Amino acid sequence: MKDHLLKNKKVAIIGAGPVGLTMAKLLQQNDIDITVYERDADPQARIWGGTLDLHKSSGQEAMKKAGLLQTYYDLALPMGINFADEHGNILSTRNPTPENQFDHPEINRNALRKMLLDSLKSDTVFWHRKLTGLEEQNGKWILDFENKPSATADFNIIGNGGINLTQSGYS
């Protein structure tokens with residue numbers, strides 16, 4: 001994505017999960033006007049399950065670009081790897097060492113969300129905004145929310161549960 005294409009544009013990010021919040025941070029670093037819309041009522045609305053590992057070549061690179069890699073390391077736990085056969089019998093274990101401790105450290109999803117939220121400008125995230133519709137009108141996107149006023153944007157990024165990103169509204 002070319003940042004200069006987004007200058008003087010309003011960007012809407014749907015979803016305040018790891019992907020949406022990381023994108024928000026990266027775009028804010030480039031002075032892009034962004035708003036994140038999240039269906040949760042507030043940051044404490046639910047406890048996210050399990051931990052998440054960010055790999056060196058992807059998630060950790062994003063944290064590095066966002067200026068948050070050391071904070072991630074401080075919050076994450078180095079993890080070992082168990083190698084098992086098809087029956088679940090452990091064949092061998094690789095324990096964390098000083099050399100590999102940052103290969104796949106695990107972070108609590110709630111801690112990751114708080115870290116990312118704390119890195120954003122205030123009033124970036126609008127809570128309790130369940131997206132119900134997205135429609136293009138006259139070169140702008142109209143975002144409709146359940147029981148909330150609509151919003152407009154020039155460009156939309158949909159953070160789909162931390163799995164992928166899709167984009168619409170700008171070619």
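Visitor: How should I read burial in this model, and is Tyr-73 buried or exposed?

Guide: Tyr-73 has a relative accessible area of 16%, so it is buried, where buried means under 20% relative accessible area, exposed over 50%, and partly exposed in between, with a 1.4 Å probe and protein chains only. Tyr-72 is likewise buried, because its relative accessible area is 0%. This is a predicted model, in which local features need pLDDT of at least 70 and side-chain atom pairs count only at pLDDT 80 or more, while totals for chains, interfaces and linings use all residues. Residues are numbered from 1 along each chain as its sequence is written, and side-chain values use heavy atoms, leaving out hydrogens and water.

Visitor: How many aromatic pairs does a search of the whole structure find?

Guide: Rings of Phe, Tyr and Trp (its six-membered ring) pair if their centres lie within 6.5 Å, with planes under 30 degrees apart counted as stacked, over 60 as edge-to-face and the rest as tilted. The search finds three such pairs. One of them joins Tyr-37 and Phe-145, a tilted pair with 4.8 Å from centre to centre and 35° between the planes. This pair links distant parts of the chain, 108 residues apart, with Tyr-37 in strand β2 (residues 33-37) and Phe-145 in strand β9; strands (E, at least two residues) and helices (H or I, at least four) are DSSP runs numbered from the N terminus. Both Tyr-37 and Phe-145 are buried. The rings of Tyr-72 and Tyr-73 also form a tilted pair, because their centres are 5.8 Å apart and their planes lie at 45°.

Visitor: In what sense do β8 and β9 pair, and over how many bridges?

Guide: Two strands pair if DSSP finds at least two bridges between them. Strands β8 (residues 131-137) and β9 (residues 140-145) are antiparallel, with six bridges, and Leu-131 stands opposite Phe-145. Their hairpin has two residues between the strands, and Asn-138 there takes a positive phi near 55°.

Visitor: Where does Pro-78 lie, and which residues does it contact beyond its sequence neighbours?

Guide: Pro-78 sits in the loop between α3 (69-75) and β4 (81-84), and its 33% relative accessibility is why it counts as partly exposed. Leaving aside neighbours within four places in sequence, Pro-78 is in contact (heavy atoms within 4.5 Å) with Pro-96, Gln-101 and Pro-105. Gln-101 is 23 residues from Pro-78 in sequence, yet the C-alpha to C-alpha distance is 4.9 Å.
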